[in-house]
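Me: Hi, I'm new to reading protein structures. Could you walk me through this one?

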Amino acid sequence: MSAQIISGKEVSAQVRQRLKEDVVQMKLQDPNFSPGLVVLQVGDRDDSNLYISMKLKAAAEIGINATHMKLPKTATEEEVLHKITAVNENSSIHGLIVQLPLDSIHKIDTEKVTNAVAPEKDVDGLTSINAGKLSRGDLSDCFIPCTPSGCMELIKQTGVSVAGKRAVVIGRSKIVGAPMHDLLLWSHATVTTCHSKTTDLPEEVRKADILVVGIGRAEMVKGEWIKPGAVVIDCGINYIPDETRPSGKRVVGDVHYSSAKEQAGFITPVPGGVGPMTVAMLMANTVLGAKRFLEGHQPGKWNISLTKLNLQKPVPSDIVISRSCVPKPIDRLAKEVGLLSDEVELYGKTKAKVQLNIIKRLQAQPDGKYVVVTGITPTPLGEGKSTTTIGLVQALGAHMNLNVFACVRQPSQGPTFGIKGGAAGGGYSQVIPMEEFNLHLTGDIHAITASNNLVAAAIDARMFHEATQTDKALYNRLVPLSGEQRKFSPIQINRLKKLGIEKTDPSTLTEEEITRFARLDIEPSSVTWQRVLDTNDRFLRKITIGQSPTEKGFTREAQFDITVASEIMAVLALTSSLEDMRQRLAKMVVATSRSGQPITTEDLGVSGALTVLMKDAIKPNLMQTLEGTPVFVHAGPFANIAHGNSSILADKIALKLVGPEGFVVTEAGFGADIGMEKFFNI
């Protein structure tokens, strides 16, 4: 009786349909989530291009976001490894396939390249870690190579139980034979692996209830070798001459199909058997990788390690307490609270910045509970808001085992070196390390100093040049020749629109339009923008600027403020994104023209530069309390008189990370009558 044909096309169609449904379920869990796959190719081999197009087509059909990353034949091993590292660190990618062979003019170590793929993204199952886990039987914690996985799926379709059967695998390649042996063994078959050195191969094959062949030799296994009723899985793809075909050849497997079909109970054809299953199981591994990622990164699902306090009596000084506690590595804390590696920028071992793209990843997640700490009457020594905030989060997190984030401001160097001292909390309720927290941190305040003083320099430079040049000379410097022509920058186009001049060609402006465009005509006594320094230096409170001979007598009275009182600090605290910050910075009014028009940083042409200077300061800083609970440190004091809050971005990110049952404890600025009321209203 002829064997039943096991159609890989039919089974792979069933697998793909199942995967489609799985992706739909993932989307229901998180509408912004899609399984991600990257296929990395070196060179331009026709066979590789064909295989990749099949993979991309299958991915699109299932709902996997697949990317083809193609490197030229000139790519070096180092360049390939660099690309793999980038994909490993990309949290939106859950599967990485390195298309073999690597078609480069340079020597590339294939083993080194395949093992560079992160095991949790190795959907081909080729890394030594995944192979090792498979050989040990850790099937639930690894990726199984796609061809053997497809073979098992085909065997399953026959209804034949693998347990207790005699299985023979012909071939011992890393891609098919060796993992196939392990899979059958851990499915409780008694397995024999045969290869080129096996004596009396036909006799070994006759013992097989299940026969899997992947030896790479056309029609080597004859029908008379096969045990009657056996399951035969043919993984071979070979070409033999056939003058009846237009190409002069045809595809056959490693098994002599026509004779084997008369002996076997079940058999896979070539083509149309194992081939379609390989791509289907590759997609299955990618979806599995995405599922594992979702399960391991559920917002609000924290597994946080806490630091036990060693309480001393009498209580030592704050600095002694801070230094007595060894903070855990900040990358570990980041992982514990659900941050991904590509969302965190490490600044040493105890502090890190958090990328704003986390907001998009978590936007569908519900917020936690929002607690604000305020005070009644501010004193020169402070009033204990920070200490209360840190003490409260340590109680909620370390003692009640709740997800909790503290959101506090970065202290100014002025009060730190003055009577008040630092702002890391106090006693056993502190952010650590205290020195890092109170001094410099990640340079956000320095970025504000640089940005603020750029505006101040631009104001005085503009007034000087307008006072010493003709309209035409000023215009030529503002819109300089570049390659024999002048061109407006985008920020200058914005100014023209503000003036009601709808022109984009600098050569078409009238003399009157040139004057209006080139001259801000700032009234010196109306300048409200001051220079800043983050130090209490009383002798800079009122100064005279412009005393150098090069300034040609254009002097005026000015002053220094403390950096944290800059309007840029207020913008930082209120901003919700980089684009929002760009718009807020552009709208800052710095002076008034002689005709009474407000002059902004956009008019000065520096708003883009300010945004670039502030591009890292916008990212909240991650630190920890003495007991190992997380803290966001962002924005600063003084300027929050204007709005009452510390950092909207830090609060928003923390509210997503703690989950619906968690707490975010944030600070309002100054006393309740200023800070708390503005916090609630703004």
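Reply: Happy to! One term to begin with: a residue is buried under 20% relative accessible area, exposed over 50% and partly exposed in between, using a 1.4 Å probe and protein chains only. This is a predicted model, where local features need pLDDT of at least 70 and side-chain atom pairs count only at pLDDT 80 or more, while totals for chains, interfaces and linings use all residues. Residues are numbered from 1 along each chain as its sequence is written, and side-chain values use heavy atoms, leaving out hydrogens and water.

Me: Ok, is N681 buried or exposed?
Reply: N681 is exposed, because its relative accessible area is 65%. N681 belongs to helix α26, residues 672-681. Helices here are DSSP runs of H or I with at least four residues, strands are runs of E with at least two, and both are numbered from the N terminus.

Me: And how far apart are the C-alpha atoms of N681 and V326?
Reply: They are separated by 40 Å, and the two residues are 355 apart along the chain.

Me: What about G427, buried or exposed?
Reply: G427 is buried, as its relative accessible area is 16%. You'll find G427 in the loop between β16 (425-426) and β17 (429-432).

Me: Which residues does G427 touch?
Reply: Leaving aside residues up to four places away in sequence, G427 touches D318, I321 and L626. Contact means heavy atoms within 4.5 Å.

Me: Switching to strands: what is the strand order in the open sheet?
Reply: It has 6 strands in the order β1-β11-β8-β7-β5-β6, with parallel pairing. Two strands pair if DSSP finds at least two bridges between them.

Me: Why do β1 and β6 have one side left without a neighbour?
Reply: β1 (4-5) and β6 (190-194) stand at the edges with a single partner strand each, so one side of each has no neighbour in the sheet. For β1, 2 bridges join it in parallel to β11, residues 266-267. There, I5 stands opposite I267.

Me: Which helix packs on that sheet?
Reply: Helix α6 (residues 146-158) does, touching β7 (210-213), β8 (231-234) and β11. The direction of α6 makes about 150° with that of β8. Such angles run from 0 to 180 degrees between N-to-C directions, and axes are lines fitted to C-alpha atoms, for helices over the stretch in contact.

Me: How many residues of β28 are buried?
Reply: In strand β28 (residues 663-671), 8 of its 9 residues are buried. Strand β14 (residues 369-375) pairs with β28 in the parallel sense over 6 bridges, and G375 stands opposite G671. Strand β15 (residues 404-408) also runs parallel to β28, joined by 4 bridges, with V404 and F663 as bridge partners.

Me: Last topic: at what angle do α21 and α22 pack?
Reply: Helix α21 (residues 567-574) and helix α22 (residues 578-586) pack at about 150°, with axes 10 Å apart. They are therefore roughly antiparallel to each other; angles under 35 degrees count as roughly parallel, over 145 as roughly antiparallel, 65 to 115 as roughly perpendicular and the rest as oblique.

Me: Which residues meet there?
Reply: I568, V571 and L574 of α21 meet D580, M581, R584 and L585 of α22. By class, this contact has 5 nonpolar, no polar and 2 charged residues. Ala, Val, Leu, Ile, Met, Phe, Trp, Tyr, Cys and Pro count as nonpolar, Asp, Glu, Lys and Arg as charged, and the others, Gly among them, as polar.
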